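Visitor: I would like to learn how to read the features of a model such as this one, step by step. Could we begin with what is meant by burial?

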Amino acid sequence: MEVLVINADLGPLHRVSLRHAVRMLVRRVAEVHEAHPDRLIGIYPVPTVVRLVRYVVTKWRYTAGPAWSRAGVLARDGRRCAYCGGLATTVDHVVPRSRGGRNTWLNTVAACDGCNQRKGDRTPAEAGMRPLYEPATPSWASLAR
Ligand SMILES: [Zn+2]
């Protein structure tokens, strides 16, 4: 489980593990901004977003979007397979890695095992498998949900 860290001005920064977030709360460098309503650690609600107490100047928060990750692709696509709409457990490269496709938001979609294997080292057109949507770079806000 991951927790989104936001700056003192509410600008999203990055995601950390729950354990790391709790350490930030204990050290009082951050406060709970949003929490699970029904999950507790001890007597405290489990945070989903923590806010830094002091503003931190960063350069990279002005980048276009969050860095690519497999977990991020699954979150962006709501764990729905881009080809069949089923439960996605893997990430499919639209242009396969074996053919130069990269780990980017625009080249990856969530996929179930079956579709991923069926597509193999082919493009969607070659495989006759049309994605249900166009992959896009997610906003920070969408990943925070
Ligand atoms: Zn599928």
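Guide: A residue is called buried when its relative accessible area is under 20%, exposed when that area is over 50%, and partly exposed in between, with a 1.4 Å probe and protein chains only. By that scale, 37% of the 145 residues of the protein chain count as buried. This is a predicted model, in which local features need pLDDT of at least 70 and side-chain atom pairs count only at pLDDT 80 or more, while totals for chains, interfaces and linings use all residues. Residues are numbered from 1 along each chain as its sequence is written, and side-chain values use heavy atoms, with hydrogens and water left out.

Visitor: How many helices and strands does the protein chain have, and in which pattern do they follow one another along the sequence?

Guide: Helices (H or I, at least four residues) and strands (E, at least two) are taken as DSSP runs and numbered from the N terminus. Here the protein chain has five helices and six strands, and their order along the sequence is β-β-α-β-β-α-β-β-α-α-α. Taken along the principal axes, the box filled by the C-alpha atoms is roughly 55 × 35 × 20 Å.

Visitor: What share of the contacts in the protein chain with a separation of 6 or more comes from residues 24 or more positions apart?

Guide: Contact means heavy atoms within 4.5 Å. Among contacts in the protein chain with a separation of 6 or more, 56% are between residues 24 or more positions apart.

Visitor: Where is Asp92 placed, and is this residue buried or exposed?

Guide: Asp92 belongs to strand β5 and is buried, because its relative accessible area is 2%. For its side chain one looks for a polar contact, that is, a pair of N or O atoms within 3.5 Å; within protein, one must be able to donate a hydrogen and the other to accept it, and residues adjacent in sequence count only if both atoms are side-chain atoms. Such a contact, of 2.7 Å, links the side chains of Asp92 and Tyr83. Apart from neighbours within four places in sequence, Asp92 is in contact with Tyr83, Asn107, Thr108, Val109, Ala111, Asn116 and Lys119.

Visitor: Which side chain is joined to that of His93 by a polar contact?

Guide: The partner is Asn103, and the polar contact between the two side chains is 2.6 Å. His93 also lies in strand β5, which spans residues 90-93, and His93 counts as buried because its relative accessible area is 7%. With neighbours within four places in sequence left aside, the residues in contact with His93 are Arg70, Arg102, Asn103, Asn107, Thr108 and Lys119.

Visitor: How far apart are Arg122 and His93, in sequence and in space?

Guide: They are 29 residues apart in sequence, and 9.5 Å apart in space from C-alpha to C-alpha. Arg122 sits in the loop between α3 (113-119) and α4, and is partly exposed because its relative accessibility is 33%. Residues up to four places away in sequence not being counted, Arg122 touches Val94, Pro96, Arg99 and Ala127.

Visitor: Which residues line the second largest pocket?

Guide: On a 1 Å grid over the protein atoms alone, a pocket is an open set of points where a 1.4 Å probe fits, with protein on both sides within 12 Å along at least five of seven lines, and lining residues have an atom within 4 Å of a point. The lining here consists of Val22, Leu25, Val26, Arg28, Ala30, Glu31, Val32, Ile41, Tyr44, Pro45, Pro47 and Val53. The largest share, four residues, comes from β3.
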